[in-house]
Amino acid sequence: MQLYKDQPLRIHNSLTGKKELFEPINEGYVGMYVCGPTVYSNVHLGNCRTFMSFDMIFRYFRHLGYKVRYVRNITDAGHLENDADEGEDKIAKKAKLEQIEPMEVVQRYTVDFHNTLQQFNLLPPSIEPTATGHIIEQIEIIKEILEKGYAYEANGSVYFDVVKFNKDHEYGKLSGRKLEDMIANTRELTAQDEKRNPQDFALWKKAEPQHIMRWPSPWGDGFPGWHLECTAMSTKYLGETFDIHGGGMDLKFPHHECEIAQAEASTGKSPVKYWMHANMLTLNGKKMSKSTGNNIYPSEIFSGENTILSKIYSPAVVRFFMMQAHYTSILDLSDEALQASEKGYNRLMEAIGNLENLKTGATSDFDVEVWKQKCYDAMNDDFNTPILIAHLFDAVKHINLIKEDQETITEGDKVLLETTLKAFVHDVLGVENQALAQDDSNALTGVMDLLIQIRNQARANKDFATSDKIRDELGALGIQLKDGKDGTTFTLN
């Protein structure tokens, strides 16, 4: 069904700062590119939020009847430790630390990335290209930029000339920065610097003798710049100009700004019609940071192996929590917020479960058609999932009233309500019914609390035979008890 013809969609375009009517370049087709992970460590929960947001967007486009080509890359080379083209490649650095091949690092963390997103019920993209699989394409783009005069070679490296580009283009238009201000706020180049200007960025970096990841090029052995890979892969699979480019807010500058410059320099065309950026996730009101300990990984939430949350939360509950904020808003994760989301999630799943057995009558007290359009209006307003969820709970209220014989609904409205509710909850928001699994985990926690109390009492009575028996038999079942200064906890092996 081509629902998009009757459901005009407005998207906030980061390039213009305005909500704009979505009109694809080719009717009925959407080309969307989203910057994927640099696979040198386990995927962060904040990254998961970004990918979850674009998964919801991908799902809604498909629900509206669009044919979508969704490209999300894997960065497996070229991403240095900072944005000033300095330091080691993140993957090569991890390989040295662990004394393994860089591609072993890539494989390990790509598998982790896929497994984690699968737990969150993300659909796979249409194409998932890698940076190392597109070295040839990146070299060809560098040649084009050099021929156009917007790049220069220096000692085996190639740099993009931002100052020259800015003379007849606008560098900084996505992030709202002026090149003059950037120049005024940066240090002067030293004699050792290869760049003509501090704002110039690497298209190709010469590989020093100790550099593990290297490829031959017309300028000598080296590796591509981080920004270049996305230009190469997006244009290869979506064309020189495509509909949507997405990513985290932190990528707006310099990464996406540089992508625009590279594309305009090589093709003379603006590469993207609508730029979209998802906002960050905080933890207990503070920025997530491994160095301060204010950090949690998805696996730690699912297993309960953390000191931040009071209990285990299922992937579906976490996803539902993420959908309760607009993708452009900062979202704060806390134990209280997840508990509230879990209660709401359980109410929603219970209502969906009750739908099938609702009694029907001759009239409806609930105008399902009006409610259905309200759901579409929310999503058509820049994918406003929190407003959509408010409308879903309005339906939950009516389902409960009908169940208690306080309202009536016709058979036709009941069918429409059921199909619409399931479409928005499962197909668009991507929230699965894991209520039973969550109930099981709650029951397990209760049983374990009871066993730990019995064991503690046995130890207090110096009945170590009973205490050890509980510990050993639970261990045989794959449940490990840990005695600490704050009491006894358990983990599932």
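Gln99 is exposed, with a relative accessible area of 73%; exposed means over 50%, buried under 20% and partly exposed in between, for a 1.4 Å probe and protein chains only. Gln99 sits in the loop between α2 (90-98) and α3 (102-119), and its phi is near 55 degrees, a positive value in a residue other than glycine. Helices (H or I, at least four residues) and strands (E, at least two) are DSSP runs, numbered from the N terminus.

The model is predicted: local features need pLDDT of at least 70, side-chain atom pairs count only at pLDDT 80 or more, and totals for chains, interfaces and linings use all residues. Residues are numbered from 1 along each chain as its sequence is written, and side-chain values use heavy atoms, with hydrogens and water left out.

Asn155, not a glycine, has a positive phi of about 55 degrees. Asn155 lies in the loop between β5 (151-154) and β6 (157-160) and counts as exposed at 53% relative accessibility.

Four strands make an open, parallel sheet in the order β4-β3-β9-β10; two strands pair if DSSP finds at least two bridges between them. At the edges are β4 (67-72) and β10 (272-278), each pairing on one side only. Strands β3 (residues 29-34) and β9 (residues 242-248) are joined in the parallel sense over three bridges, and Tyr33 has His245 in β9 as its bridge partner.

Helix α7 (residues 226-238) packs on the sheet and touches β3, β4 and β9, contact meaning heavy atoms within 4.5 Å. Its direction makes about 165 degrees with that of β3; axes are lines fitted to C-alpha atoms, for helices over the stretch in contact, and angles run from 0 to 180 degrees between N-to-C directions. Helix α8 (residues 252-267) lies across β9 and β10. Pro254 is in helix α8, and the peptide bond from Phe253 to Pro254 is cis.
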